[in-house]
Amino acid sequence: MSSSQGYGLLKGKKGIIFGALDERSIAWRVALACHREGAEFALSNAPIALRLGQLDALSQATGAPVIPCDVSSEEEVDKLMTAVREKYGKIDFILHAIGMSPNIRKKKEYTDLDYRFFQQSLDISAISLHKILHYATEVHDMVNDGGSVVALSYIGAQRIFSKYSDMNDAKALLESIARNYGSRLGDKKIRVNTVSQGPTMTSAGSGIKGFDGMYLFAEKLSPLGNPSADDCADYCVTLFSDLTRMVTMQNLYHDGGFSTNGISEELIADLARMYSQDDGLS
Ligand SMILES: NC(=O)c1ccc[n+]([C@@H]2O[C@H](COP(=O)([O-])OP(=O)(O)OC[C@H]3O[C@@H](n4cnc5c(N)ncnc54)[C@H](O)[C@@H]3O)[C@@H](O)[C@H]2O)c1
């Protein structure tokens, strides 16, 4: 069977996919890959994003209902879980692909953050994972044994990327919540992991000032180059499948080798060229 037809890895599995905005969104690509692999799922995003986005097209392509939910509201997360439980009963997987920093949007420097915005960045991008897990497991007890939860992260959690500003902090918190919850859900055999994706041209990604430079740097440093949103989707499928049932509490780099490579031949050659040009001018 070719990979374009799928391997049936998620046959019979049900889930929730948060964060598909338009066809560039990583969550959009994950939804298509999960559909290809035989899963059924609900799509969710903030009401405002549903108005701006093109989610109806994805809903039609995958047969997935769209359930609005602003994850900054506990009440909305609770309502969403109630609606999903009514439709599907217990579920097997959740994708958290949600990130937003009002400070980055408003071009506030890290040393001059608006603290209300900072709290929103942490709430929407990180604490929402805690809320989702709390309502799905504690309140509604709607995740099957063997279930899998994946949240998308970025290497800014470990190493500082100046333009990523308070999202570096938000991702560090997100990864910590995944570990904390993962340790508590082990008795139910529920896995919680983060996938640290390399830079990807999406609405959230390209909204960051200097993103093109970060993208190019990662492309040149990573032995395999930058992973696409579709590559990330395939990786998420493996994590939702039973093939990774003993993987939990991990931050898994999906970055073409970026996180481990020190420098590449290409970057050395580029820097040598720049140095010799400078030399020629002086
Ligand atoms: N693009 C990249 O380079 C990159 C790299 C690593 C990790 N990520 C992460 O991947 C995830 C998905 O981002 P993306 O790049 O696909 O961009 P995207 O803009 O397509 O997705 C971000 C989503 O978050 C949703 N969102 C924002 N506020 C919300 C709220 N209050 N309630 C519910 N949803 C809300 C947006 O509507 C959007 O759908 C994010 O966590 C992002 O940080 C992205």
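**Entry 1: strand S2.** I checked both faces of S2 and found them covered. On one side, Glu 40, Ala 42 and Ser 44 are buried. On the other, Phe 41, Leu 43 and Asn 45 are buried too. I note that this is a predicted model.

I then took the strand as a whole, residues 40-45. The count is 6 of the 6 residues buried, so S2 is largely enclosed by the rest of the structure.

**Entry 2: neighbours of S2.** I looked up the pairing with strand S1, residues 14-18. S1 and S2 run parallel, with 5 bridges between them. Among the contacts, I found Lys 14 bridged to Glu 40 of S2. I followed the chain from S1 through H1 to S2. This β-α-β crossover is right-handed.

Next I turned to strand S3, residues 66-68. S2 and S3 are also joined in parallel, by 3 bridges. Asn 45 faces Pro 68 of S3. I had already listed Asn 45 as buried.

**Entry 3: the ligand.** I counted 26 residues around the ligand. The closest are Ser 25, Ala 49, Gly 99, Ala 204 and Gly 205.

Which element gives the most to the shell around the ligand? I found that H8 does, with 3 residues. Helix H1 (26-36), strand S5 (143-153) and helix H8 (203-206) each supply at least two. H1 is also the helix on the path from S1 to S2.

Last, I sorted the shell residues by type. I got 14 nonpolar, 11 polar and 1 charged.

Notes:
Residues are numbered from 1 along each chain as its sequence is written. This is a predicted model: local features need pLDDT of at least 70, side-chain atom pairs count only at pLDDT 80 or more; totals for chains, interfaces and linings use all residues. A residue is near a molecule or strand if its C-beta atom, placed from the backbone, lies within 6 Å of it. Helices (H or I, at least four residues) and strands (E, at least two) are DSSP runs, numbered from the N terminus. Ala, Val, Leu, Ile, Met, Phe, Trp, Tyr, Cys and Pro count as nonpolar, Asp, Glu, Lys and Arg as charged, and the others, Gly among them, as polar. A residue is buried if 20 or more other C-beta atoms lie within 10 Å of its own, exposed if 12 or fewer, and partly exposed in between; C-beta atoms are placed from the backbone. Two strands pair if DSSP finds at least two bridges between them. A crossover is right-handed if, with the strands pointing away from the viewer, the path from the first strand over the helix to the second runs clockwise.
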